[in-house]
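Okay everyone, thanks for coming.

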Amino acid sequence: PGRCPVPCECLEAAKTVKCVSRNLTAVPPDLPPYVRNLFITGNRLARLPAGAFPAQRLPDLSALNLSGNHLRDVEAGALEALLALRQLDLSGNPLVSLSPQVFGDGGSPLEELALRGALRDHGVLLSLATMLQSGVLRNLSRLDLADNGLLMLPAGMFTALPSLRQLDLSSNSLVGLRNVSFQGLGQLQSLNLSNNSLGVLRNGTLAQFRGLPALRHIGLGRNTWVCDCAIEDLVTWLKETDQVDNKEALTCAYPDKMLGKALLKINGSDLNCSVPVDLPSQLQTSYVFLGIVLALIGAIFLLVLYLNRKGIKKWMHNIRDACRDHMEGYHYRYEINADPRLTNLSSNSDV
């Protein structure tokens, strides 16, 4: 203890140890206890087991860089003993398993987490969402999820991160943010959504942006904005907000007639909004109107019945009397046919 591991480079004055591109397959067990900044990058660790970093040997470790190590499995409790850890970089690892209990159950002081290019597996994304939602990283202030090919994000993924200030979702394939909630991120200052596949931002998302008091930098560049009637709300918001960086450079990608047109220069005459685009809403309106018409017809019918109640009552009495007379005639004929004496009498008399 106190010596520098053979495959590593140690800078005691800077409290830094670098084990870079040394083909390591495991974390060196004899790291010096003074280390605060540890770089183990470009190796072949493959797996990070529980207790990989003993707490008694690394009491001051605050920055850990494990990027580009071909890591596939990060097991429960792997980083639990690092009670001083503030920065963690797992970028560039082909993760297939990330335990939600990697920091244990007691919480972590971690402030910065980088997972750039490490969430290609959907199961790992769900595990990360579970970890974030558990509240174990409530001190997290910076989260980098860029360059992961993400199409959608799990619902409520960021709701337990009250200290988050910077969120990087750039260079993914996000097509929408309908199920993404930014509620509770009152400290969020920067949100990078550039270089995705966003076609429009709906009113619900725009309302969330307006409700974040600290949010001052939103990156929306290099997205495939679809400039039809659905983009009107986004254009209106862009013209009134100062949250979006370089908003003058945002341009339409579709349709062809709008290709390259700046979003800030779009007006109502540029969009063909004569045909309703929200069919379910139109159908709902039609059903409501039909219900009102039927209710009105029913009310008029009941009113007519009420005003003519005496005539209707007399008419029903007349029908009742006519039916009674008719039934009495049938009854009289039945009695004659059933009695032979009356039958003979009726056939021999002129009556």
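Let's start with one serine. Ser 134 sits in the loop that runs between helix H1, residues 122-133, and strand E10, residues 142-144. Keep in mind that what you're looking at is a predicted model. So what does the side chain of Ser 134 reach at 2.6 Å? That would be the backbone oxygen of Met 131. A polar atom of that serine side chain also lies 3.4 Å from the backbone nitrogen of Val 136.

Okay, on to a pair of helices. H2 covers residues 203-210 and H3 covers 232-240. Their axes come within 10 Å and cross at roughly 20°. Angles under 35 degrees count as roughly parallel, so that's what we call H2 and H3. As for handedness, H2 passes H3 in a left-handed crossing.

Which residues meet there? From H2 we have Asn 203, Leu 206, Phe 209 and Arg 210, and on the H3 side they meet Asp 233, Leu 234, Trp 237 and Glu 240. Sort that contact by class and you get four nonpolar residues, three charged and one polar.

Now a couple of backbone details to look for. Ala 46 isn't a glycine, but its phi is positive, at about 60°. You'll find Ala 46 in the loop between strand E3, residues 37-41, and strand E4, residues 47-48. Then there's a cis peptide bond, joining Tyr 254 and Pro 255, with omega at about -15°. Pro 255 belongs to the loop between strand E15, residues 252-254, and helix H4, residues 279-307.

Last, let's zoom out. How is the protein chain divided? Domain 1 takes residues 9-276, and domain 2 takes 277-312. Going by C-alpha atoms, the centres of domain 1 and domain 2 are 54 Å apart.

That's my tour, so over to you.

Definitions and conventions: Residues are numbered from 1 along each chain as its sequence is written. This is a predicted model: local features need pLDDT of at least 70, side-chain atom pairs count only at pLDDT 80 or more; totals for chains, interfaces and linings use all residues. Side-chain values use heavy atoms; hydrogens and water are left out. Axes are lines fitted to C-alpha atoms, for helices over the stretch in contact, and angles run from 0 to 180 degrees between N-to-C directions. Helices (H or I, at least four residues) and strands (E, at least two) are DSSP runs, numbered from the N terminus. Angles under 35 degrees count as roughly parallel, over 145 as roughly antiparallel, 65 to 115 as roughly perpendicular and the rest as oblique. A crossing is left-handed if the near helix is turned anticlockwise from the far one by less than a right angle, and right-handed if clockwise. Contact means heavy atoms within 4.5 Å. Ala, Val, Leu, Ile, Met, Phe, Trp, Tyr, Cys and Pro count as nonpolar, Asp, Glu, Lys and Arg as charged, and the others, Gly among them, as polar. A polar contact is a pair of N or O atoms within 3.5 Å; within protein, one must be able to donate a hydrogen and the other to accept it, and residues adjacent in sequence count only if both atoms are side-chain atoms. Domain bounds come from an automatic or database domain assignment.
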